[in-house]
Every structure is written in C-alpha cells, then in structure tokens.
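Subject: The structure we talked about

Hi,

Here is the structure for you to open alongside this message.

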Amino acid sequence: MEAERVQGLRGCRAQLRFRQKSPLELLELELLPQSQAHPECLPEYRPEPCTKCGRKLWARSEELILKASSLPQGVDAFRLEDFLAAIIASERFVETARRLGSEQDIVFREVSVR
Ligand SMILES: [Zn+2]
C-alpha cells in the first residue's frame with residue numbers, strides 16, 4: 001500500500017497462528033479515530049460516552065456524512081470518533097486496494113462530506 005503512495009498507514013504484525021510452514025505475512029492496520037461525523041447524521045438520543053474507555057455507543061443513521069472540517073490531512077484510512085466501527089478510507093486507498101486485488105475481501109461504500 002505504501003509503495004502505491006497511500007499515506008498515513010501504520011501496520012503491525014497480526015497476532016495469528018498458521019498451520020502452514022511459511023504463511024503470508026499479514027499486517028493489521030492501526031486505524032485511529034481522527035475525524036467526526038457531520039452533526040446532521042448523529043442520532044437524536046446520544047447517551048454519555050463510556051466512563052472507562054470513552055467509547056460512544058451511538059446508533060448510526062443509514063446515511064453516514066463526514067464533517068469536512070474534521071477530516072485529517074495525509075491519512076488515507078481512519079476511524080470516526082462518533083462511530084468507531086466505521087472505517088473511512090480515501091479514494092486513493094480504495095483505488096489502490098482495488099488495483100491490488102483486495103476488492104473481493106472488502107466492501108466499499110461511498111459516503112458524503114459536508
Ligand atoms: Zn467502555
């Protein structure tokens with residue numbers, strides 16, 4: 001991915017065990033919460049974040065909109081502070097993943113930015 005100029009990725013070796021002798025090296029991406037959802041797609045009922053880990057357990061609306069002013073610079077894949085389960089990737093990331101043949105493993109959906 002980095003050879004294809006995708007920026008701001010940090011991988012660490014996945015902690016998996018394989019049965020084969022020389023398995024592929026799998027990297028897990030570290031995806032930090034670095035952006036926010038647009039206020040318009042936040043749920044009306046927003047319970048306080050977890051007091052231990054700060055996680056927000058908010059119900060996500062069907063359409064996810066990103067807050068333009070909160071988008072990180074030079075990072076092609078990250079998470080949203082408001083919905084940690086959502087992974088956001090740039091067009092460059094998606095194009096690269098498609099070129100490298102990962103499309104069968106990942107489902108990409110387009111989101112709007114406002
Ligand atoms: Zn927690």
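Strands β5 and β6 are joined by a hairpin that runs through 6 residues. The two strands pair in the antiparallel sense, over 3 bridges. Strands here are DSSP E runs of at least two residues, helices are H or I runs of at least four, and both are numbered from the N terminus; two strands pair if DSSP finds at least two bridges between them. If you want to find the pairing on screen, R79 stands opposite I87 in β6, and A77 stands opposite A89 in β6.

Before going on, please keep in mind that this is a predicted model, in which local features need pLDDT of at least 70 and side-chain atom pairs count only at pLDDT 80 or more, while totals for chains, interfaces and linings use all residues. Residues are numbered from 1 along each chain as its sequence is written.

The sheet

S35 stands opposite L80 in β5. Together they give an open sheet of 3 strands in the order β3-β5-β6, with mixed pairing. Its edge strands are β3 and β6, each of which pairs on one side only. Neighbouring strands of this sheet are turned by 65° against each other on average, direction ignored (axes are lines fitted to C-alpha atoms, for helices over the stretch in contact, and angles run from 0 to 180 degrees between N-to-C directions).

The chain as a whole

The protein chain has 1 helix and 7 strands, and along the sequence they follow the pattern β-β-β-β-β-β-α-β. Of its 114 residues, 11% count as buried. Buried means that 20 or more other C-beta atoms lie within 10 Å of the residue's own, exposed means 12 or fewer, and partly exposed is in between, with C-beta atoms placed from the backbone. Among contacts between residues at least 6 apart in sequence, 59% join residues at least 24 apart; a contact needs C-beta atoms, placed from the backbone, within 7 Å.

The core

Which residues make up the largest nonpolar core? There are 10 in all: V6, A37, V75, A77, F78, L80, F83, I88, A89 and F93. The elements that give two or more residues to this core are β5 (77-80) and β6 (87-89), and β5 gives the most, with 3 residues. (A nonpolar core is a set of buried Ala, Val, Leu, Ile, Met, Phe, Trp, Tyr and Cys residues joined through C-beta atoms within 7 Å.) In soluble globular proteins, nonpolar side chains tend to be buried together. Leaving out residues up to four places away in sequence, F78 touches L31, L32, Q34, S35, P72 and I88.

I65 is found in strand β4 (residues 65-66). I65 counts as partly exposed because it has 16 C-beta neighbours inside 10 Å. Its contacts, not counting residues up to four places away in sequence, are A37, H38, E40, C41, V111, S112 and R114. I65 and E40 are 25 residues apart in sequence, yet 7.7 Å apart in space, C-alpha to C-alpha.

E91 has its place in helix α1 (residues 91-99). Is E91 buried or exposed? E91 is exposed, because 10 other C-beta atoms lie within 10 Å.

Best wishes

Note on methods:
Contact = placed C-beta atoms within 7 Å.
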